[in-house]
Amino acid sequence: LAEADGLLRRMLGNTDPATDKATDVTRQPRWRKVEPLAKSFLGNTLHILGSMTNAGMQAFILRRLRASAVFLRPFEKLTRKLLKAALGMFGLAGDRAVHT
């Protein structure tokens, strides 16, 4: 997780995170080769996030996904699932705080 966004950027030929925020990654010439890897990484990360119960690990995963957010844009379904999982975690955190 700590290196995946950098790896995907290098595979696209873009090492500067500031420049790819302004551009659509699907327009880059190497996107077709990187797309399956990006989708697999994001889907598996989302699966881990959903099955994780440790709040510290969930926070780490969300922080690392922030760096990879530019790769979520082409995958609308994964974006919705991530939003749903993140909002669910915030909702559960409030419940835990009240009951604990």
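Me: How much accessible surface does the chain have, and what share belongs to carbon and sulfur atoms?

Reply: Accessible areas come from the Shrake-Rupley method with a 1.4 Å probe; for residues, only the protein chains shown count as cover. Here the chain has about 6800 Å², with 59% belonging to carbon and sulfur atoms. This is a predicted model: local features need pLDDT of at least 70, side-chain atom pairs count only at pLDDT 80 or more, and totals for chains, interfaces and linings use all residues. Residues are numbered from 1 along each chain as its sequence is written, and side-chain values use heavy atoms, leaving out hydrogens and water.

Me: How many helices and strands does the chain have?

Reply: Helices (H or I, at least four residues) and strands (E, at least two) are DSSP runs, numbered from the N terminus. This chain has 5 helices and 0 strands.

Me: What percentage of the residues is buried?

Reply: Buried means under 20% relative accessible area, exposed over 50%, partly exposed in between (1.4 Å probe, protein chains only). Of the 100 residues in the chain, 29% are buried.

Me: Which residues of H1 are buried?

Reply: They are Ala4, Asp5, Leu8, Arg9 and Leu12. They lie on the same side of H1 because they cover an arc of only 135 degrees around the axis. The arc is that of the directions from the helix axis to the C-beta atoms.

Me: Where is Met11?

Reply: Met11 sits in helix H1, residues 4-12. Met11 counts as partly exposed because its relative accessibility is 31%.
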